[in-house]
Amino acid sequence: MTFKEIQHRAVTEWENWQKSKKPRILVGTATCGRAAGALSILDVINESLRKLRIKATVTEVGCIGLCYAEPMVDIIKPGKPRISYGGLTPENIQQLLEDYLINDNPRPDLALGYFGEDIVGGIPAFFDMPVLKPQVRIVLRNCGSIDPKNINHYVANGGYSGLQKALSVKPEDVIEELKKSGLRGRGGAGFPTWMKWNFCRNAPGKEKYIICNADEGDPGAFMNRSLLEGDPHSVLEGMVIGAYTIGANNAYIYCRAEYPLALERLGIAIRQMEEYGFIGNNIMGSGFDLHIKIKEGAGAFVCGEETSLIASIEGKRGMPRPRPPFPAIAGLWGKPTNINNVETWADVALIMQRGGEWYSQYGNEKSKGTKTFALVGKVERTGLVEVPLGIKLREIIYNVGGGILNGRKFKAVQTGGPSGGCLPASLLDSPVDYESLAAAGSIMGSGGMIVMDEDTCVVDMTRYFLTFTQTESCGKCVPCRVGTRHMLMILQRITRGEGEPGDIELLQRLATTVKSGSLCGLGQTAPNPVLTTIRYFRKEYEDHIHKKKCPALVCKELISFYVDPKKCRGCGICFRNCPVEAISGSKKMIHVIDQKKCIKCGTCFNVCPRRFSAVVKVSGKKMRVPRKPVPVGTQTVARKHT
Amino acid sequence: MSTAPDMKTKSITLTIDDQQVAVETGSSVLEAAHAAGIYIPTLCNHPTLPSYGGCRMCLVEIENMRGFPPACTTPVQDKMVIRTNTQQLQELRRNILEMLLTEHPHTCLVCERKQQCQPYHTCIRKVAVTTGCTMCAQNGICELQRVVDYIGLKEVSLPYTYRKLGILRDSPFFDRDYNLCILCGRCVRVCQDIRGAGAIAFTYRGPKALVGTAFDYTLQESGCQFCGACVDVCPTGALVERAVKWTGIPDSTVRTTCPYCGVGCQISLHIKNSRIMNSVPFVNSISNKGQLCVKGRFGIAEVVHHPERLTAPLVKRDGKFVETSWDEALNFVAEKFQVFKGNRFALISSAKITNEENYLAQKFARAVMGTNNIDHASRSCHAPSLVGLEKAFGIGAMTNSIDEISGAACIFVIGSNTTSGHPVLSLEIREAVNKGAKLIVADPREVKVAQWADIWLRHVPGSDVALLMGMMRIITEESLADMSFVEERCEHFHEFRESLKDFTLDFAEKVTGVQKDKIKKAARLFASQKPATVIYGMGITQQSHGTDNVLALANLAMLTGNIGKPFTGVSPLRAQNNNQGACDMGALPDVYTDYQRVDNPDVQKKFEAAWDVRLSSAPGMTLPEIMNAAHSGEIKSLYLIGENPVISQAHAGSVTDAVRKLEFLVVQDIFLTESAKLAHVVLPAASFAEKDGTFTNTERRIQRVRKAIEPVGNSRPDCRILSSIAGRMGAKGFDFSHPSDIMQEIAGLTPSYHGISYNLLEKISPQWPCTDETGEGTPMLHRDYFVRGKGRFTPLSYKPPAELPDETYPLMLTIGSSLYHHQTGTMTRKVSGLNFLHPGNVVEINPADARKLKIKDGDHVTVISRRGRVTAMARVTDSCLAGLVYMDFHFAESAANILTNRALDPLSKTPELKICAVRVEKGHGG
């Protein structure tokens, strides 16, 4: 089959699907959807359709990115626009099907938005929703809309035309196109992709390799997973283009084993590519051969670092090695190797499909195109977002994310995962691009974005990130192995209220040593949370150390619970619920918490009826309370006693 | 490390700390600095290991490079400007070192009162006995100390964490105290990258990261070879040899040559209080590149100082040995030898003693005793190589050098359990494989090299000719032969090609049991990957047609043009330290030194003139012939020097009978061997550590043996004993004041040792032939033309082994050697640690055969041949081919050679030790 024939077949299938006489139901069953219960929704849909005797096509699709609205289902009635529904439950889905498919009530109360031109009453247009308005979804264009297990869906949407174009020109022209696009590595370092490819392409050696780095290990990051689950072909197309350009005949996808669904869908996609001759020997009749293998990683964070990743593929312990030589000269099995992140490969396919110039319309001067982020933490709308580079942090957090959860105040945002930096409110208006983030002491990283509100203690948060990086240190180089442990020990002390004067300076000294002395990116960036939090939230450290105070009321050892004698009505709820019998008192007596017995579990704080709100949480200060329970209403007398 | 003409050719210049330095491309910044005499501290870097970049001590500043690149991994570039010692760097290093020392007990490193500290001095700072100040297990030899001193760290302000790990004592030779480990990874790298053992690795991650075995197995379970390379590279006291723990630094160090196998590893003996403390690899050695095996590393001091060493001459009176004075013993021997002069006497010399002593031994036999009946143990191992390679190439020795192996593109190992027999040489194979070379192994057993191989040909013992000729037929048929080499450099190709006709693939498959496809693949691979080299051991030679096997290999090398070029050649691996030298020195019945034939009148005249005696032109008897003659009463008196034929010879039972029949047997050895027990007089010899001399290793390299201690007890060097006997018999020409004088005589009479002198050997260790005074030597033979002129192809036909399995003896027995023991175990079985690791003989048997015989792993079984029976423990294993059983031959109590066949190779008179028919019975047998 020629590519034209394949395209024709794919478009026919796609159009038949689009114009189907039967209603079509798309269920988002990527991992995020499944976590929210998409599989039981799917079961209920199938059962309901049987019960209601509705003949409909049910298709499992990838994640459209609105995590907050999962599980999501899209329904397309013949001749009607596609309507997206979110926050469904097994209870209301059957009713929805009955209402819409039988009674023609599109249920605006459950709908998120509609796609296309025809307006549906009471339902907003999908892409006009505030969460999507600032976004530019080009890499994620197919996610949630096509069947990721069907190559024809991808081909029908322009898929593999980029490959066809690449194979019809010289490798130099592909590199030229990339240069035009301004694409920079989406793994986080932001090295110009065309330049990286050129190094590897020009490296001496017959045998070369390309690798797709799908070892997404940052806590809270899931951009690569969603892309692989929702649109695996876009990544694979990019890889074939890259292999052709660089002159590699073998490729590896290094994907963590914790992504079983992504691995399964990649496997299916590769088999389909083989059937169509998009990989294997003589791809599309060009004489170019490529074989792709999937290598499952065993969950070591450091294997996201390219030299560790290579060692891991070679069957060695995942440990980095110093560069030079760079992988472009001596990588996998000592041969020239080019490694790119999942998103970079997908961008490549897109650029070859639509042109470098088209791609470069997005973004700002130095950072072109779009970037996906996993927006998580204390925002109203968490999810996978894709925005043009150069957008302001504020726009992502407030417009896309809908602001801080429960109307709390924004405190900080951590970009770049555990090795990124923690940025304060004063930087909310700085643009999200490689240079600006680096200047602020953070990194772009692969796209983790964790938003924190005022209830987050930055010292505690830094301690958490250090716990992660130091347990994930491979142990090879001294600064990373030992230095992160010392930093963690100090942070632990500080959060326990055992901080000492000079700890901040010691942390800075250790952090600087680890940053400049470590071998690989893990160690070089592990101190970033420490350095940025000291830079932007020094006072909070000082409060912990000098005043033994946790302003966010998070660090257990630094907080105390008191019963406010003015507010306590002696109801006894706190008294009954205290797990360690630290509260004394009885009916109509003001309760008193024995600070020595109290384990600061917060039960009393949580159970005290809201109308009283008598239990208070404080840090860095003592409250004057009666020593022993006194009758309600005698607090003035009590005060005299104390 | 290989001599490959790699990238290290172009010279470039750079600036280090304002100093101009010229180095070769491919060097690291660290190497460049060291070459210029600039010290950069490092802990993880080691000259024998690939660079690592883990300790971060060698960080430097390089103009136009970001951050602080490590000097050890950063390659030099032209016009680089490097600073190694800025304030910022020192600060960074100090901080990193301080971090490191929070994981390593360091009172010993930073204590300001260290200089005044006394042993056993109690001090509040001392952490524990192993971590204290002057009680350092490593005797203060600590690389960490040097770095601490350089950086000038005075105190560690960060909190210290003691790992609280127990000391691991699962090795018989060294302790592992990972409380002192700094995770530099040297041990892991040497174990994995250099030794290919992979017994230890990094375990866990983050702060728990540590060196250890998989699943905390013991070292033995994890595949440790106990080579001690990890101990040698450890920069701290984490890995310490138990024998030298707390003994303090040695009084002196003597460089000498290892007395075990033929690789000729250079070792350093550490001496304290006139005793050898231990033996460690000599770092800058050519033949062993700073590596040793378990025997050389841990099996020397205990042997030399073993309480069972013979310390006084013994004379047998009324069936019992009585200690006598040297005078008495020597007079008695001289007197008796006078009686047995002529062909009733035979001398069996030794591949363990020096060249000088072998020279004297053959001179004694020929000039004093008037007989050419002199031979030595090479007869039972590599005599077919001498005969075969001489016939094909003109000289019977390894054609190329050991360090060329790692540069080959294809290696063919046949009949050699290299990792056991020649462990250090096998590292070259490992290195080649690591670098991407193809490896073909032909062996009926799954020896370790077979596990590394691209193609493993599991051929039936004795079918080597069929296998090799089958391969060569493919090579000629598919026009893969190097015909220009064949036509230009060789002769008799046509006759050889005719003889290939019989070796169709079907025939080869039938005889060898190897699938046709595999034979084809191996043939194509060997012929297409160049340069290719052939390595073989006694699996090839100890057969009744051993010479044919050798000739087949010679044919293969010539056919593919793999001879006379770098990284090619045919390499017989000599079993003992001085097999090669003993042959070179003429401890053979038909030749004087340098293979000058006794029946050549010119040669005879030359030696008669030199020695001032009449010499016999009739070649003497070979070792098996001597034993037969002793049996028949033709030989009356035998002088055994360092040889134990009742264990080492085929059909050992009949050898024992023959020895018992002798009228006068003198045994000269360092221990009372099984053969010595049968002697009339036993003369106590000094060990290799107690004398000067030379050994010639398997690659023809002449290396010094240096006296490290005085002879133990009343023992004497063999040359002194020989001289004394000769003197008492009135012979002239034996009064040498020092072995160097003997070498002077050798050099005069031996063309290939021309120019060799001890002065020269202090500077270099050349490979013979040494044709001029410079002693340059000849690392590669047959470069432009073969020693015999043209390479000679030999047509061959297939001959089955002399004894094949039948109904009564349905299994085939083959023998070999273990990593942990050497030859008849005279030395290694004195080492408690080696006995611990390999306590006794086992019979390897295939599960299929074991099932038939109802034998389970660990059962006692009796192996019976037509010649005798031995009992040992069964090890049921797939590594043994079905129909085959395997035994080691080191163990006197279950001596495999009681079973073996004495059928001789007609040309070399080497017995078929490797193949005989046996029956296996469960239990101890009746």
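Predicted model: local features only at pLDDT ≥ 70, side-chain atom pairs only at ≥ 80, totals over all residues.
**Who touches whom**
- Chain A gives 32 residues to the contact, and chain B gives 32 residues as well.
- There are 13 residue pairs in polar contact across the interface.
- On the side of chain A that touches chain B, the elements giving two or more residues are helices H17 (458-472), H18 (478-495) and H19 (503-517).
- H18(A) supplies the largest share of that side, with 8 residues.
- Sorted by class, that side of chain A has 15 nonpolar, 11 polar and 6 charged residues.

**Salt bridges**
- How many salt bridges does the rule find across the interface of chain A and chain B? The count is 3.
- B:Glu103 forms a salt bridge with A:Arg485, and their closest N and O atoms are 3.6 Å apart.

**A helix of chain B: H27**
- Helix H27 of chain B (residues 718-728) is largely enclosed by the rest of the structure, because 8 of its 11 residues are buried.
- Among those buried residues are B:Cys719, B:Ile721, B:Leu722 and B:Ile725, plus B:Asp718.
- What do the buried residues of H27(B) pack against? Their partners in chain B are helices H9 (326-339), H10 (355-368) and H28 (739-749), along with strands E22 (637-641), E23 (664-669) and E24 (681-684).
- Just after H27(B), you'll find B:Gly730 with a positive phi of about 80 degrees.

Definitions and conventions:
Residues numbered from 1 in each chain as written. Chains lettered and ligands numbered in written order. Heavy atoms only, no water. Contact = heavy atoms within 4.5 Å. Salt bridge = Lys/Arg side-chain N within 4 Å of Asp/Glu carboxyl O. Polar contact = N/O pair within 3.5 Å; in protein donor to acceptor, adjacent residues only side chain to side chain. Helix = DSSP H or I, 4+ residues; strand = E, 2+ residues; numbered from the N terminus. Nonpolar A, V, L, I, M, F, W, Y, C, P; charged D, E, K, R; others polar. Buried < 20%, exposed > 50% of the residue type's maximum accessible area, 1.4 Å probe, protein only.
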